Structure formats: structure tokens, C-alpha cells
Amino acid sequence: MQELIAEILLYLPALLRGALWTVSLAAASTVGALAVGLLVCGARMSQSSLLSASAKGFISIIRGTPLLLQIFYIYYGLPELGIVIPAFWAGEFSTTRRTI
């Protein structure tokens with residue numbers, strides 16, 4: 001039993017850091033999704049046909065592609081175009097767009 005407790009205590013700091021990153025990502029994604037969602041909703045309900053159609057296309061593309069594919073495109077694809085994003089922000093941006 002003491003070996004199990006020692007093993008848990010060995011990995012506890014890494015697990016707590018991972019939990020903190022997860023909560024941080026969830027909070028940042030929630031705030032971002034609320035902001036972007038309100039903008040896209042306003043564009044979708046707009047009287048302007050161009051604005052409404054572009055919002056409808058954005059929603060269709062985001063909803064129609066898997067989240068993992070979006071994460072791969074953002075994390076691995078954008079650096080090929082010269083746009084380098086840190087891992088946390090790539091995850092935040094991906095999950096923000098997905099929760100719209």
C-alpha cells in the first residue's frame with residue numbers, strides 16, 4: 001500500500017499541472033466561444049445577405065469538419081504558411097471555433 005501511495009505522490013505534481021492546463025483551456029475556450037458565437041449569430045441574423053451567407057458558410061464548414069482535423073490544421077498547417085501559434089493557443093482557438 002505504501003508503494004502505491006509513493007507512486008501516486010511521484011506523479012501528482014504532473015497530474016495537477018495537467019488539470020490546471022485543462023481548466024485554463026476550458027475557461028479560455030468558453031470566453032472565446034461566447035464572443036465569437038455572438039458575432040456569428042449577429043451576422044447570421046443580419047439583414048445583409050452577404051453577411052448572413054458568410055456566417056452560414058462559416059458555421060457549415062466548422063460544424064462539418066471533425067475537431068481533431070481542425071486542431072491538426074491549426075497546429076501543423078498554419079506553421080507551413082509561416083503562422084506559428086503556441087500549443088495552448090492552438091487548442092484554445094480550435095475548441096473556441098468548434099463550440100460555436
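E92 is located in helix 4, which spans residues 87-98; helices (H or I, at least four residues) are DSSP runs numbered from the N terminus. The model is predicted, with local features requiring pLDDT of at least 70 and side-chain atom pairs counted only at pLDDT 80 or more, while totals for chains, interfaces and linings use all residues. Residues are numbered from 1 along each chain as its sequence is written, and side-chain values use heavy atoms, leaving out hydrogens and water.

**Confidence**
- The protein chain has an average pLDDT of 91, and 98% of the residues score at least 70; pLDDT is the predictor's confidence in each residue, from 0 to 100.
- Helix 4 has the lowest confidence in the protein chain, with a mean of 85, whereas helix 1 (residues 2-44) has the highest, at 93.

- Beyond its neighbours within four places in sequence, E92 is in contact (heavy atoms within 4.5 Å) with L25, A28, S29 and G32.

**Aromatic residues**
- Four aromatic pairs occur in the structure; rings of Phe, Tyr and Trp (its six-membered ring) pair if their centres lie within 6.5 Å, and planes under 30 degrees apart count as stacked, over 60 as edge-to-face and the rest as tilted.
- The F88 and W89 pair is edge-to-face because the ring planes stand at 85 degrees, with centres 5.0 Å apart.
- One aromatic cluster is formed by W21, F88 and W89.
- W89 is partly exposed, at 47% relative accessibility.

Technical notes:
Buried means under 20% relative accessible area, exposed over 50%, partly exposed in between (1.4 Å probe, protein chains only). Helices (H or I, at least four residues) and strands (E, at least two) are DSSP runs, numbered from the N terminus.
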